Amino acid sequence: MEKLKVGMIGAGFLGHFQSVAMEQVRNMELAGITSLQGAEELSASARKRNLGPATVYSNVTELAKNVDAVAIYCPNYTRIAIMEEIVAAVKAGAALKGIICEKPLGRNVAEAKRLVELGKEAGVPTAYFENQLQMKPIQVQLKQLAPQQRTMGPLTLTRSSEEHGGPHEGWFWDPTRQGGGVLCDMGCHSIAVGWYALTPIGKPLTFLQPQSVTCDLGLLKWGIPFWREKLLKDRGVDYSKTPAEDFATGMFTYKNPETGQIVKAQFTNSWMFEKQGLRLFMDGMGPGYAFEVNTLISPLSVFIGDAAAEAVADQEAALEKATASRGLLAVQHNEADLYGYTDENMDAANCFLQGKDAFLNLEYGLEITKLVMAAYMAHEKGKTIDLTDPNVQKELETYVPAIQQGKGADVLPMM
Ligand SMILES: NC(=O)c1ccc[n+]([C@@H]2O[C@H](COP(=O)([O-])OP(=O)(O)OC[C@H]3O[C@@H](n4cnc5c(N)ncnc54)[C@H](O)[C@@H]3O)[C@@H](O)[C@H]2O)c1
């Protein structure tokens with residue numbers, strides 16, 4: 001069997017998670033890794049698991065020369081420089097079959113557009129990794145409810161959320177490096193999966209036309225002095241100076257261009273979620289039918305009493321961003337598969353080996369960036385944004401949210 005030899009750029013939290021997903025993909029191997037930090041550790045772990053040679057390279061150029069596909073798993077603020085290095089390597093002869101880029105494609109529309117242009121310059125197939133569209137629960141409900149969609153009509157409302165207690169590295173909290181707060185970091189997932197789940201079966205990803213968006217952002221927990229100081233101490237980010245939102249909610253309205261039907265997708269994201277750990281929640285309503293996904297419901301739970309709590313080595317082994325280590329705990333035994341990482345890797349391997357773009361390509365990532373930026377604009381202007389207005393579309397091309405510029409204090413009231 002032909003295997004896609006993947007080279008990872010970045011060996012942090014996501015690199016490790018994706019390596020677990022790769023264990024479940026038959027036609028992919030971890031051929032190489034380059035990273036500012038952590039490459040040796042990931043390589044040793046990957047070799048132990050027989051994922052491939054996982055050779056450590058000193059830079060992107062060397063990596064690109066020795067693999068079939070590169071996967072950008074490093075921080076958001078490094079995207080363009082990394083992609084430029086990849087393009088230069090391809091021009092110098094690296095025979096890549098594909099380029100994978102993690103969400104979010106860019107921190108704003110101008111950056112995302114540049115990424116798309118660079119992808120075109122490289123002239124190789126691309127994959128935009130938005131794992132939630134690939135989640136088996138989402139894909140299975142679509143199949144299961146296809147007859148209902150056909151007879152009763154498509155879904156009219158989706159509600160999507162991703163929430164946890166806050167990211168694991170300082171750069172995520174810094175709006176100038178990450179792109180914003182939770183809306184940029186996780187809103188991109190919920191906005192994408194909400195749009196996708198609403199889309200009538202068999203229609204293209206961008207079939208439903210965005211009409212308008214409303215959005216409300218808040219700094220509800222990490223702006224309170226006690227938590228602000230903790231954030232400064234633990235992560236080195238000062239929300240009294242450069243705050244970002246820890247709560248985001250809003251509503252997109254879409255139009256079916258064939259029937260004129262109006263449908264809606266609500267999104268909610270937070271870094272102030274006080275439950276067991278990461279929760280993805282999605283539901284959708286069609287006439288006479290519905291679906292619901294809640295990743296905190298697991299067939300496996302464990303109980304750890306106070307007397308045994310000291311023995312807990314790593315509660316994150318139970319659940320991403322776990323916040324408790326005793327009591328009755330939900331355990332997800334295969335998070336890489338549950339969240340869609342396995343399926344996105346499988347899809348990228350199959351598509352790249354056939355010489356084509358993955359299910360989601362960089363152009364799709366640009367569409368999602370536009371929607372995320374429009375949501376920031378709605379909050380900043382305090383009004384519904386008309387996405388059918390050509391002037392709004394033009395404004396979005398160069399729009400950089402105040403929060404991303406480090407001026408969040410102007411738009412996020414704080415104690
Ligand atoms: N799909 C998801 O749900 C999901 C989850 C987590 C992260 N992500 C995305 O994945 C990306 C990485 O996030 P993470 O959580 O792994 O971050 P991280 O900070 O844990 O790891 C980043 C890694 O990149 C390396 N790095 C930093 N700058 C680099 C550079 N210039 N060149 C090469 N390597 C560099 C670091 O040394 C580190 O190994 C981000 O874009 C993030 O948004 C997606």
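Reader: What share of the 415 residues in the protein chain do buried residues make up?

Author: Buried residues make up 50% of the 415 residues. A residue is buried if 20 or more other C-beta atoms lie within 10 Å of its own, exposed if 12 or fewer, and partly exposed in between, with C-beta atoms placed from the backbone. Two notes on the source follow. This is a predicted model, in which local features need pLDDT of at least 70 and side-chain atom pairs count only at pLDDT 80 or more, while totals for chains, interfaces and linings use all residues. Residues are numbered from 1 along each chain as its sequence is written.

Reader: How many helices and strands does the protein chain have?

Author: Helices (H or I, at least four residues) and strands (E, at least two) are DSSP runs, numbered from the N terminus. The protein chain has 15 helices and 15 strands. Its radius of gyration is 21 Å, close to the 22 Å that the globule rule gives for 415 residues, so the chain is as compact as a globular protein of that length. The radius is taken over C-alpha atoms, and the rule is 2.2 Å times the number of residues to the power 0.38. Along the principal axes, the C-alpha atoms fill a box of roughly 60 × 50 × 45 Å.

Reader: Among contacts between residues at least 6 apart in sequence, what percentage joins residues at least 24 apart?

Author: Two residues are in contact if their C-beta atoms, placed from the backbone, lie within 7 Å. Among contacts in the protein chain between residues at least 6 apart in sequence, the percentage is 77%.

Reader: At what angle do the axes of H1 and H13 cross?

Author: Two packed helices are described by the angle between their axes and the distance between the axes. Axes are lines fitted to C-alpha atoms, for helices over the stretch in contact, and angles run from 0 to 180 degrees between N-to-C directions. Angles under 35 degrees count as roughly parallel, over 145 as roughly antiparallel, 65 to 115 as roughly perpendicular and the rest as oblique. The axes of H1 (residues 13-22) and H13 (residues 341-353) come within 8 Å and cross at roughly 70°. H1 is therefore roughly perpendicular to H13. From H1, Phe-17, Gln-18, Ala-21 and Met-22 meet Tyr-341, Thr-342 and Asn-345 of H13. Four residues of this contact are nonpolar, three polar and none charged. Here Ala, Val, Leu, Ile, Met, Phe, Trp, Tyr, Cys and Pro count as nonpolar, Asp, Glu, Lys and Arg as charged, and the others, Gly among them, as polar.

Reader: Which residues does Ala-336 touch, not counting residues up to four places away in sequence?

Author: Ala-336 touches Phe-17, Val-20, Ala-21, Gln-24, Tyr-341 and Thr-342 on that count. Ala-336 belongs to helix H12 (residues 335-338). It is buried, with 22 other C-beta atoms within 10 Å.

Reader: How do H5 and H14 cross?

Author: The axes of H5 (residues 109-122) and H14 (residues 362-381) come within 9 Å and cross at roughly 175°. That makes H5 roughly antiparallel to H14. The H5 residues in the contact include Val-109, Ala-112 and Leu-115, and those of H14 include Leu-362, Leu-366 and Met-373. By class, the contact has seven nonpolar, three polar and three charged residues.

Reader: Which residues come nearest to the ligand?

Author: A residue is near a molecule or strand if its C-beta atom, placed from the backbone, lies within 6 Å of it. Of the 20 residues around the ligand, Gly-10, Gly-12, Phe-13, Leu-14 and Cys-74 come nearest. H1 gives the largest share of this shell, three residues. The shell divides into eight nonpolar, nine polar and three charged residues.

Reader: Where is the peptide bond cis, and which residues other than glycine have a positive phi?

Author: Most residues other than glycine have a negative phi, and most peptide bonds are trans. The bond from Lys-103 to Pro-104 is cis, with omega near -15°. Pro-104 is in the loop between strand E5 (98-102) and H5. Ala-54 has a positive phi of about 45°. Ala-54 lies in the loop between helix H2 (39-48) and strand E3 (55-56), and is buried, with 25 other C-beta atoms within 10 Å. Lys-321 has a positive phi near 55°. Lys-321 lies in the loop between strand E13 (300-304) and strand E14 (327-331), and is partly exposed, with 18 other C-beta atoms within 10 Å.
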